[in-house]
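Please look over the sequence and the structure below before reading on.

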Amino acid sequence: MAHLRSEIPAVFRQMASNWPAVSTWSFRHIASLAPSLPVQLVQGNREKNHTAFTESTLGEYLDSLTGDSLSGESPDRDDRTYLKEFDLLKRFPGLRGDLRHEQMFPRGSLTSCSAWIGPARSRTGLHHDLLDNLAVQIRGRKRFYLARPGTVEHAGALSAKYDAWARLSHVGIAELAAADSATSDDFFAVDLEPGDVLYVPARWWHEVVNLSAGILLSGFFGSTMRVTSLWARVRLRDTLHRAGLLSPGNCTCHADRPGAQHR
């Protein structure tokens, strides 16, 4: 996959369609592995709005997705719960045998995989990651809205809200596209079906919404030198944040404090 060394996103249709995970990872199957496992769920769009969490168990949450229905719901509702950045493979190492992801990354890459599991219309707000990402759709359908690097910055929409491995926007993709500085050449959208893989280079802004209840694996990767350099900077910023010296009470990792400023 030589394209992974470029700075342009690319979608690889059905590249992962032969992975056992695509055919076997139902919500009930994963729930059965540890139904009483406590999980922390993100409530609403924490990247743009307030950060709030709620607790559940893996079994209870995934069982609720099996019968996911939007009947009677407002499309603007923004309080859905989302199991984000869940280290599924660490919790259940046996699931690694259902994947073929290692063969997709450039030789010598350091990688980190997380799962994103949630209902229809659950959303991850507009942000860009510090590392390149291979997003593999395992179950359900998902839409990525993409904006070129620098688009948020040029619109003056960069958020002060802290996230360890990403930078955030204080507006959504629709607001950004309506800004005076925006052009149609800056924005793209792509829908992923089970088995599809999307390459999102670092610094490309993206907002993501589930079109149906789904499971996605994000595989962040980079060379040893690049990841080591980034890790040192991320660790320094995280130390400052946790000491209350950088964006205290205004972050994606802690529930909001009263009076937090999100712009």
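H29 is in contact with T24 and L95 (contact means heavy atoms within 4.5 Å), leaving aside its neighbours within four places in sequence. H29 lies in helix α2, where helices (H or I, at least four residues) and strands (E, at least two) are DSSP runs, numbered from the N terminus. With a relative accessible area of 29%, H29 is partly exposed; buried means under 20% relative accessible area, exposed over 50%, and partly exposed in between, with a 1.4 Å probe and protein chains only. The C-alpha atoms of H29 and A120 are separated by 19 Å, and the two residues are 91 residues apart along the chain.

Some words on how to read these values belong here. This is a predicted model, in which local features need pLDDT of at least 70 and side-chain atom pairs count only at pLDDT 80 or more, while totals for chains, interfaces and linings use all residues. Residues are numbered from 1 along each chain as its sequence is written, and side-chain values use heavy atoms, with hydrogens and water left out.

Two buried residues can be followed next. L4, in the segment before β1, has a relative accessible area of 3% and is therefore buried. Not counting residues up to four places away in sequence, L4 touches F12, M104, P106, D132, L134, Y199 and F221. Between L4 and T239 there are 32 Å in space, C-alpha to C-alpha, and these two are 235 residues apart in sequence. V208, found in strand β12 (residues 205–210), has 8% relative accessibility and so counts as buried. The C-alpha atoms of V208 and R143 are separated by 5.7 Å, although these residues are 65 residues apart along the chain. R143 is also one of the residues in contact with V208, the others being S122, R123, T124, K142 and F144, when neighbours of V208 within four places in sequence are left aside.

In two loops, the backbone angle phi deserves attention. Q14 is not a glycine, yet its phi is positive, at about 60 degrees. This residue, Q14, is in the loop between β1 (10–12) and α1 (20–24), and its relative accessibility of 40% means that it counts as partly exposed. R121, in the loop between β5 and β6 (123–129), is likewise a residue other than glycine with a positive phi, near 70 degrees. Its relative accessibility is 30%, so R121 counts as partly exposed.

Which residues of helix α3 (residues 58–66) are buried? They are L58, G59, Y61, L62 and L65. Seen down the axis of α3, these buried residues fall within an arc of 170 degrees, so they line one face of the helix; the arc is that of the directions from the helix axis to the C-beta atoms. The partners against which the buried residues of α3 pack are α2 (27–33), β2 (38–43), β3 (53–57), β4 (81–86) and β5.

Helix α7 (residues 224–242) has 19 residues, which at 1.5 Å a residue should span 27 Å, and its end C-alpha atoms are 26 Å apart, which agrees. The expected span is 1.5 Å times one less than the number of residues. In α7, the buried residues are V227, L230, V234 and H241. These cover an arc of only 70 degrees around the axis, which puts them on the same side of α7. An α-helix has 3.6 residues a turn, so residues three or four places apart point the same way. On the other side of α7, M225, R233, R235, L236 and T239 are exposed. The buried residues of α7 pack against β5 (110–118) and β13 (214–222). After α7 comes G244, with a positive phi near 80 degrees.

Helix α7 also takes part in the lining of the largest pocket, giving the largest share, 6 residues. About 1200 Å³ of space lies in this pocket. Of the 47 residues that line the largest pocket, R46, E85, S114, W116 and W165 are the closest to its centre. A pocket is defined on a 1 Å grid over the protein atoms alone, as an open set of points where a 1.4 Å probe fits, with protein on both sides within 12 Å along at least five of seven lines, and lining residues have an atom within 4 Å of a point.

Terms used. Points joined across faces, edges and corners; volume = space filled by probe spheres on them.
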